[in-house]
Every structure is written in structure tokens, then in C-alpha cells.
Amino acid sequence: MPELPEVETIKSDLTPVVEGHRFVEVEVLNPGSIRHPSPEGFRRGVEGQGVRHLGRRGKYLIIHLEHGDLVVHLMMTGGIFLSSHPTTRATFLLDDGTRLHFADRRKLGGLWLVADAALVVGKLGPEPLEPDFTPRVLGERLRGRKAPIKALLLDQSFLAGVGNMYADEALYAAGVHPLRPGCDLSSKEVESIHGAVRKVLLDGIKTGGASVDTYRRPDGSQGHTHRGFQVAHRRGEMCPRCGTPLQRLAVRQRGTYFCPSCQNE
Ligand SMILES: [Zn+2]
């Protein structure tokens, strides 16, 4: 569930808390959450290390340590909190007494300790908010791709960071039907999608992310992005632009919301 804006919000919230501090104790409560190395190797490898700075790539949070990178993926229900949480899977005690809680109800998220984050995030597609992601780059990546545009936006090797909510919002803003094959889009539509993806992600960051499910900021508070959603998670509601009932269909098993009259097939 947490997508680029939610992970970026967590990164910004945690930066002043952890940067320049040192991890003094790691406790692994759910060994399955540790993807690399072993849970014991992970604990020993992180303990004693200072935090240089925080980064993000797609939906991954990257904690750059003095030696190596601690990479976090929150998957569906993960979060990082500054106080105890009922679904805590690992805790990280800092040198000033602050304890971070990695919580994850469905236990699908993961933590890696690697020499370089690229070992985990190296195969991701372009970062949508970087200046080198231009309409032309998007157009080139769409060439020959017959898959529905919604499925391509969800594919992290096609474009990093966009998930179900922001893909629906972007396609609605661009007026493009989610099932349109990627290779059939006109250059004008590609430009609209490019602009819409960036806009919905930037709006999401500005408003602290979307708390539609388990996502909360590290201090436990909600983000506000979902209040501005036009179609995502608005089953049974009317299109805010034209009043037509919004429709839902499944794309790659993900519930997809759209307006059948504003989004051209
Ligand atoms: Zn409409």
C-alpha cells in the first residue's frame, strides 16, 4: 500500500530523528522480515553503525550506514514508528534512547543489510520525479508495449514508485482509460500521463501520503492525500468532473477505478 509519496514522507519524518545517530541495539521479533543476511547477521551488522543519511528509490527506503545500506520495503502493511506498535517485527534503538519500530501486520515487508542498495533496487525503472524522466523517456519505454497502461504503471521495472492508488489518480487526471495498450497512446496522451503521474506524486508528498488502510506517519498521525483522491478507493461514487458513476475493473488483480466517460477507451 505505501507508494512513493508515503515512503518519501516517512523518509522526511525520520531524517531529523536518525541522521547522525548510531544504532546501539537491534531486536528481531520476526526473523522472516529479514531478507538478507541471516537475522543474526543483520542484527550484528547494524548494531554499532552510524547513520549517514536517508534515501529512497521507488517504494524502498534506504538508510545509508557507515558501512553498507539498510534497505526497507513496506509492501502492503509495513510502517516505521517512533513508539511501540501491535505489529512490531523488529526494533532499532538509537544512541539517544529513541527506538524505531518496524511494524508489519501481514509480514510481507522486508529488511536487507547489503554493501550497496543497488543490489536490492538495481532493477527498478526510472524515478518519476527526477528531471531525467521526461515525456520522451516515457514514450520510448512505451514503444512496443501491448500491456494495459495501468499494468505498466504498476510494473516497478517500467517505472519506480507508482502503485495502485496513484496510477488510478494519474490516469483519471490524464483522461486515459486504464486498459489502453501502452503502445497505442498518442504523444499527447503520453505527455498528459507524464505530467499527471508527477503531479499526483508531488501532491501526495505535499499532503503526507494517503491513509486509506494501515499507512500512518512515524509519529502515528494520518496523511491527508486520500481526502483529495478523485477516483482511487471511491467505489460507488460519482465522477467529480461529470457525475457519471465511477466504475471498477481488475487489472492484474488490482482493483482499478475510473470514469467511463472522462477516460477515453
Ligand atoms: Zn467523468
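Predicted model: local features only at pLDDT ≥ 70, side-chain atom pairs only at ≥ 80, totals over all residues.
Strand β5 covers residues 69–73, and strand β9 covers residues 110–114.

Strand β5 also pairs with β4, again antiparallel and again through 5 bridges. Here L61 has V72 in β5 as its bridge partner. The two strands β4 and β5 form a hairpin with 3 residues between them. In the turn of that hairpin, G68 has a positive phi of about 90°.

How many of the 5 residues of β5 are buried? The count is 5 of 5. In a regular strand the side chains alternate between the two faces of the sheet. In β5, D69, V71 and H73 lie on one side, while L70 and V72 lie on the other, and both faces are covered.

With 21 other C-beta atoms within 10 Å, and 20 or more required, G110 counts as buried. Apart from neighbours within four places in sequence, the contacts of G110 are S33, R35 and H73. H73 is one of the buried residues of β5. Elsewhere in the chain, a cis peptide bond joins H36 and P37, with omega about -10°. P37 sits in the loop between β2 (34–36) and α2 (39–46).

The next element to follow is helix α1, residues 4–18. Its 15 residues reach 20 Å from the first C-alpha to the last, close to the 21 Å expected at 1.5 Å a residue. Which residues of α1 are buried? They are L4, P5, E6, V7, E8, T9, I10, K11 and V18. These buried residues pack against strands β3 (51–57), β4 (60–65), β6 (78–81) and β7 (88–94), and against helix α7 (187–206). After α1 comes G20, with a positive phi near 80°.

The domain assignment of the chain gives domain 1 (4–121) and domain 2 (135–258). Their C-alpha centres lie 28 Å apart. The contact takes 18 residues from domain 1 and 20 residues from domain 2. On the side of domain 1 that touches domain 2, the elements giving two or more residues are α1 and β6. Of these, α1 gives the most, with 8 residues. That side of domain 1 divides into 7 nonpolar, 5 polar and 6 charged residues.

In soluble globular proteins, nonpolar side chains tend to be buried together. The largest nonpolar core of this model has 68 residues, and V71 and A170 touch the most other members. Helix α6 (residues 164–174) gives the most to this core, with 8 residues. Why does the core lie between domain 1 and domain 2? Both domain 1 (4–121) and domain 2 (135–258) give residues to the core, so the core lies between them. V71 is also one of the buried residues of β5. A170, leaving aside its neighbours within four places in sequence, is in contact with L153, I193, A196, V197 and V200.

Strand β10 (residues 247–251) and strand β11 (residues 254–258) run antiparallel, joined by 5 bridges. Q247 stands opposite F258 in β11. There are 2 residues between the strands, and R252 takes a positive phi near 50°. Q253 is found in the loop between β10 and β11, and its phi is near 65°, a positive value in a residue other than glycine. Is Q253 buried or exposed? With 5 other C-beta atoms within 10 Å, Q253 is exposed.

H233 lies in the loop between α7 and β10. Its phi is also positive, near 65°, in a residue other than glycine. H233 has 16 C-beta neighbours inside 10 Å and so counts as partly exposed.

G110 and Q247 are 137 residues apart along the chain, and their C-alpha atoms are separated by 34 Å.

Note on methods. Residues numbered from 1 in each chain as written. Helix = DSSP H or I, 4+ residues; strand = E, 2+ residues; numbered from the N terminus. Expected span 1.5 Å × (residues − 1). Buried ≥ 20, exposed ≤ 12 C-beta atoms within 10 Å, placed from the backbone. Contact = placed C-beta atoms within 7 Å. Core = buried A, V, L, I, M, F, W, Y, C linked by C-beta atoms within 7 Å. Domains from an automatic or database assignment. Pairing = 2+ DSSP bridges. Nonpolar A, V, L, I, M, F, W, Y, C, P; charged D, E, K, R; others polar.
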